[in-house]
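Subject: Structure handover

Hello,

Here is the structure I promised to pass on. Please open it first, then read the notes below.

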Protein chains: 2
Amino acid sequence: MASTVQPDPKFMRMAIDLATENVRSGKGGPFGAVVVRNGEVIAAAANSVTSTNDPTAHAEVNAIRAACRNIESFQLDECDVYTSCEPCPMCLAALYWSRCRTIFYGNTKSDAAAAGFDDSFLYDEVKRPIEERRIPFQQVLGDEAIESFDVWKQSSERIDY
Amino acid sequence: MASTVQPDPKFMRMAIDLATENVRSGKGGPFGAVVVRNGEVIAAAANSVTSTNDPTAHAEVNAIRAACRNIESFQLDECDVYTSCEPCPMCLAALYWSRCRTIFYGNTKSDAAAAGFDDSFLYDEVKRPIEERRIPFQQVLGDEAIESFDVWKQSSERIDY
């Protein structure tokens, strides 16, 4: 979908600077992300996978988590995310779950692949049927697992998200 | 790919119990996950999106993060993950980034959709070209962003992941 929000290059430069500085400081991969609401930065983060032993600590995930902590909400309505690179499928889906408004990116997933990152491979894997994926998948106890959804559907206390 | 690892149903029951108990306690969605290495549970977690204001706090992401903290590594080699529901694209990609060995799941993404979760929708979105996605995407400053990858490629200090 075309964006109706005009990007502000200064926020992308901030994301790119975070990415570059992150490599120079040895804290992680060349990725940075900034979350903006009403023209104001509410979170900025770089990738910290290797320095925090967390494979989910990509720049976008770190920025989403920080932004949500900051505004005390599990949704980023009306927020725009500037990321120095097109999100991998993990970050893309995280951005959807955050319900942010617009995603601005610098590098593409092809640029990322050329720098040695798995993003393109992951996009291919996500598209594949389970039985053709590189990591083996197997369903176990489907008949018992459904109970947790039944309890959810009947719950009067549940908070939808 | 077919699994060469035999699942142990007791770990799936643990994941399902976490999911069901999570709804009953009001802490989050009906999802639980357990990480197993050498027949031992190294992490177990439920979804905590709404109780921790973190849209990335799905059961699998929480379990991956806890397991990595536990073993002080950013990779879960030789680990099998039992999740009460087929992972959403965020969790699927997080599992790939963790390099775990096998993924066992209880409910399917269709079961999840029937319970009101966006997993199927997200799989469709990830497959779409950027310009057809529901959230607007736009490239900004691609010519400047590439610098962070150049610095990465030239870095002698980098830790690949």
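Between chain A and chain B, 26 residue pairs are in polar contact, both residues of each pair being at pLDDT 80 or more. On the side of chain A that touches chain B, helix H7 (residues 142–154) of chain A gives the largest share, ten residues. That side of chain A divides into 53 nonpolar, 21 polar and 21 charged residues. Keep in mind that this is a predicted model.

The interface in numbers

In total, 95 residues of chain A are in contact with 95 residues of chain B. The area buried between the two chains is about 8,800 Å². Carbon and sulfur atoms give 66% of that area. In chain A, the residues that lose the most area to chain B are A:Met1, A:Tyr96 and A:Trp97. Together they make up 10% of what that side buries.

Salt bridges

The structure holds 16 salt bridges over all chains. Between chain A and chain B the count is six. Two examples with partners in both chains follow.

- A:Arg65 and B:Asp54 meet through their side chains, at 2.7 Å from N to O. A:Arg65 is in helix H3 of chain A, while B:Asp54 sits in the loop between helix H2 (49–52) and H3 of chain B. Both ends are buried: A:Arg65 has 18% relative accessibility, and B:Asp54 has 6%.
- B:Glu147 and A:Arg24 form a salt bridge with an N to O distance of 4.0 Å.

Other salt bridges stay inside one chain. A:Arg101 pairs with A:Asp80, and their closest N and O atoms are 2.8 Å apart. This pair links distant parts of the chain, 21 residues apart. A:Arg101 is in the loop between helix H4 (89–98) and S4 of chain A, and A:Asp80 is in strand S3 of chain A. A:Arg101 is partly exposed at 33% relative accessibility, whereas A:Asp80 is buried at 5%.

In chain B, the side chains of B:Asp8 and B:Lys10 form a salt bridge at 3.5 Å, N to O. B:Asp8 is partly exposed at 28%, and B:Lys10 is partly exposed at 49%. Back in chain A, salt bridges that share partners join A:Glu78, A:Asp80 and A:Arg101 into one network.

Around A:Asp80

A:Asp80 has another partner to look at. The side chain of A:Thr102 makes a polar contact with the side chain of A:Asp80, at 3.0 Å. A:Thr102 belongs to strand S4 (residues 102–107) of chain A. A:Thr102 is buried, at 0% relative accessibility. Leaving out residues up to four places away in sequence, A:Thr102 touches residues including A:Ser3, A:Val5, B:Ile135 and B:Pro136.

A:Phe74 is in the loop between helix H3 (59–71) and strand S3 (79–85) of chain A. A:Phe74 is buried, with a relative accessible area of 16%. Not counting residues up to four places away in sequence, A:Phe74 touches A:Trp97 and B:Asp54, among others. A:Tyr161 is also a contact of A:Phe74. These two are 87 residues apart along the chain, yet their C-alpha atoms are separated by 8.0 Å.

B:Leu92 is in helix H4 (residues 89–98) of chain B. B:Leu92 is buried, at 0% relative accessibility. Beyond residues up to four places away in sequence, B:Leu92 touches A:Val126, A:Arg133, A:Phe137, B:Pro87 and B:Tyr123.

A:Leu141 is in the loop between strand S5 (137–139) and H7 of chain A. B:Glu78 is in the loop between helix H3 (59–71) and strand S3 (79–85) of chain B. A:Leu141 is buried at 18%, and B:Glu78 is partly exposed at 49%.

Cysteines

How many disulfides does the structure hold? Zero, over all chains. The sulfur of B:Cys79 has its closest cysteine sulfur in B:Cys100, 7.9 Å away, so the two are too far apart for a bond. For B:Cys85 the closest is in B:Cys88, at 9.1 Å, which is also too far. B:Cys79 is buried at 0%, and B:Cys85 is buried at 0%.

Best wishes

Notes: Residues numbered from 1 in each chain as written. Chains lettered and ligands numbered in written order. Predicted model: local features only at pLDDT ≥ 70, side-chain atom pairs only at ≥ 80, totals over all residues. Heavy atoms only, no water. Disulfide = S-S within 2.5 Å. Buried < 20%, exposed > 50% of the residue type's maximum accessible area, 1.4 Å probe, protein only. Contact = heavy atoms within 4.5 Å. Buried area = accessible area lost by both parts, 1.4 Å probe. Polar contact = N/O pair within 3.5 Å; in protein donor to acceptor, adjacent residues only side chain to side chain. Helix = DSSP H or I, 4+ residues; strand = E, 2+ residues; numbered from the N terminus. Nonpolar A, V, L, I, M, F, W, Y, C, P; charged D, E, K, R; others polar.
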